[in-house]
Amino acid sequence: MNKVIFYLLVLLSAIGIQTHAERKFIAHRGVDLKHTIAGENSLEAIRLAKRAGFQAIETDVRMTSDDSIVVMHDATLNRTCLLADGSELIDPVEIKNITWKELQKNYILKADNPAHRSRIPSLRTYLRECKKEGLLPFIEPKLIDSTGNHYRDIIRIADDIYGSGNYIITSNNRANNIIRYTLKYKEVPIMGILYQTTYPAIHELGNCIMAISATKFEPEEYDRLHLQAHHDGLLSESHADKFKHFDMINGAPVDYVSTDMLVPDYHGQGKVIKTGSHSDFGGLYVSFDIIGEAEVEMGSQKFKVSSPDKVKKVIHQVALYNETPKVDIRPVDKSTRISGVKIRQVEF
């Protein structure tokens with residue numbers, strides 16, 4: 001292929017991009033795109049996840065000083081929050097040192113648009129919104145409580161809103177052990193993180209999803225673990241924000257795909273628009289076949305693809321926020337062969 005550069009900005013959206021219809025996508029902390037389009041773990045991030053076609057959502061739980069259960073990832077508010085007047089937090093503010101009333105009065109979640117800078121929700125309010133939007137919640141307790149009382153309170157709220165068994169508790173495995181062996185809750189579905197413990201330890205918990213990291217395992221071991229999980233009757237999960245890890249997911253039998261920056265497989269959500277149009281909030285889907293090596297740019301992501309010995313199908317899909325995306329597939333030399341290029345841009 002002679003010095004061919006694919007500038008696909010002028011192409012109309014194509015159909016027929018390969019998808020994995022059986023897998024479900026989890027919006028990690030909702031769709032906030034690094035707290036730009038919405039606040040991280042906000043109610044608006046739930047609604048955006050639904051618009052984009054996510055089937056599930058992951059959130060994090062902490063406690064205030066007066067034992068209110070709230071949705072927040074970090075121990076401090078500084079990364080994700082502003083003062084109520086929109087100014088930056090200077091000194092560290094630990095959520096465990098402030099009351100629910102103080103949290104609601106004095107702080108808002110970061111977002112580019114001031115109108116989207118909402119208050120930090122309680123777990124109960126958050127789950128009600130998730131249920132309204134039809135999303136399966138993955139709830140991660142951030143605190144370790146050897147008594148199990150904190151987890152019991154979380155489970156009671158989730159049971160009250162979703163019903164027993166209709167949500168997932170996910171943790172760094174210490175909470176999972178307390179839920180199973182201290183509280184003796186066998187009916188609560190949980191997700192265990194494999195790289196933080198052993199395969200048998202998660203398997204023995206029962207009623208469990210196996211989280212197998214695409215960043216912690218080499219491709220061969222990664223594939224083997226997913227196959228083993230399926231052989232043992234376990235669902236599996238992986239996280240991806242970049243092509244390297246999403247490519248591993250595409251080649252393995254992964255049931256749940258968690259992401260901060262990608263979009264779910266296309267299944268009719270949103271409106272297909274002309275590729276290269278400005279997108280307030282959308283997704284860019286690209287696929288092609290390659291033998292050789294190429295440099296790829298799509299939206300905000302740049303990556304390399306290499307398959308020297310056989311034809312490889314490349315599939316990637318990225319979220320768009322307030323941008324006019326470019327797609328550029330550049331062979332590195334004359335021996336590279338690229339075919340079957342398909343592209344779709346969707347506005348959600």
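This is a predicted model: local features need pLDDT of at least 70, side-chain atom pairs count only at pLDDT 80 or more; totals for chains, interfaces and linings use all residues.
**Helices α3 and α4**

- Helix α4 covers residues 149–162, and its axis comes within 10 Å of the axis of α3, with the two crossing at roughly 30°.
- On the α3 side the contact is made by L123, R124, L127, R128, C130 and K131, while α4 contributes I154, I157, A158, D160, I161 and Y162.
- Sorted by class, the residues in this contact of α3 with α4 are 8 nonpolar and 4 charged, with no polar residues.

**Helices α1 and α3**

- Helix α1 spans residues 43–52 and helix α3 spans residues 123–132, and the two pack at an angle of about 15° with their axes 10 Å apart.
- Because angles under 35 degrees count as roughly parallel, α1 is described as roughly parallel to α3.
- The residues that make this contact are L43, I46 and R47 from α1, together with T125, Y126, E129 and C130 from α3.
- By class, the contact of α1 with α3 consists of 4 nonpolar, 1 polar and 2 charged residues.

**The largest pocket**

- The volume of the largest pocket is about 560 Å³, and of the 29 residues that line this pocket, H28, I193, Y195, E237 and H239 are the closest to its centre.
- Several strands give two or more residues to the lining of the largest pocket, namely β2 (24–28), β3 (56–63), β7 (136–141), β9 (190–193) and β11 (235–239).
- The largest share of that lining, 3 residues, comes from β11.
- When the lining residues of the largest pocket are divided by class, 9 are nonpolar, 11 are polar and 9 are charged.

**The largest cavity**

- The largest cavity has a volume of about 50 Å³, and of the 13 residues that line it, those closest to its centre are V31, L33, F54, D260 and L262.
- The lining of the largest cavity divides into 9 nonpolar residues, 3 polar residues and 1 charged residue.

Key: Residues are numbered from 1 along each chain as its sequence is written. Side-chain values use heavy atoms; hydrogens and water are left out. On a 1 Å grid over the protein atoms alone, a cavity is a set of points where a 1.4 Å probe fits but cannot get out, and a pocket is an open set with protein on both sides within 12 Å along at least five of seven lines; lining residues have an atom within 4 Å of a point. Grid points are joined across faces, edges and corners, and a volume is the space filled by probe spheres set on the points. Helices (H or I, at least four residues) and strands (E, at least two) are DSSP runs, numbered from the N terminus. Ala, Val, Leu, Ile, Met, Phe, Trp, Tyr, Cys and Pro count as nonpolar, Asp, Glu, Lys and Arg as charged, and the others, Gly among them, as polar. Axes are lines fitted to C-alpha atoms, for helices over the stretch in contact, and angles run from 0 to 180 degrees between N-to-C directions. Angles under 35 degrees count as roughly parallel, over 145 as roughly antiparallel, 65 to 115 as roughly perpendicular and the rest as oblique. Contact means heavy atoms within 4.5 Å.
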